[in-house]
Amino acid sequence: MADIKYEIQKQFGEISSSAKGWSREVNLVSWNGAGAKYDIRDWAPDHEKMGKGITLTETEAKKLYEILAGIFE
């Protein structure tokens, strides 16, 4: 499997954490040198390992925000 390069450019917050120390976070991440995207995924405490997640462009993140705001009004 190819090496995946990533840089967490900004950490926004933790959604939840597990007993093993992993946390589900919202971050701005650049993957393989590409432009940064909003990212939701599980991370090991040292950010050296990550679980599966989802990345969103700014437009997609804004749309998700609108949808969630409508649900919780």
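**View 1. R41 and its opposite number in β4.** In this predicted model, R41 stands across from G53, a residue of β4. Also facing each other here are I40 and I54, with I54 again on β4. The two strands involved, β3 and β4 (residues 50-56), run antiparallel and are held together by five bridges.

**View 2**

**View 3. β2 meets β3.** Strand β2 (residues 23-31) lies antiparallel to β3 (residues 37-43), and seven bridges join the pair. Pick out N27 and you'll find its bridge partner in β3, namely D39.

View 4. Zoom out a bit and four strands line up as β1-β2-β3-β4, forming an open sheet with antiparallel pairing. What stands at the edges? That's β1 (6-17) and β4, each with a single partner strand, so one side of each has no neighbour in the sheet. Going from one strand to the next, the twist averages 25°.

**View 5. Helix α1 on the sheet.** Helix α1, residues 58-71, packs on the sheet. Which strands does the helix touch? The answer is β3 and β4, and the direction of α1 makes about 90° with that of β4.

Note on methods
Residues numbered from 1 in each chain as written. Predicted model: local features only at pLDDT ≥ 70, side-chain atom pairs only at ≥ 80, totals over all residues. Heavy atoms only, no water. Pairing = 2+ DSSP bridges. Axes fitted to C-alpha atoms, helices over the stretch in contact; angles between N-to-C directions. Contact = heavy atoms within 4.5 Å.
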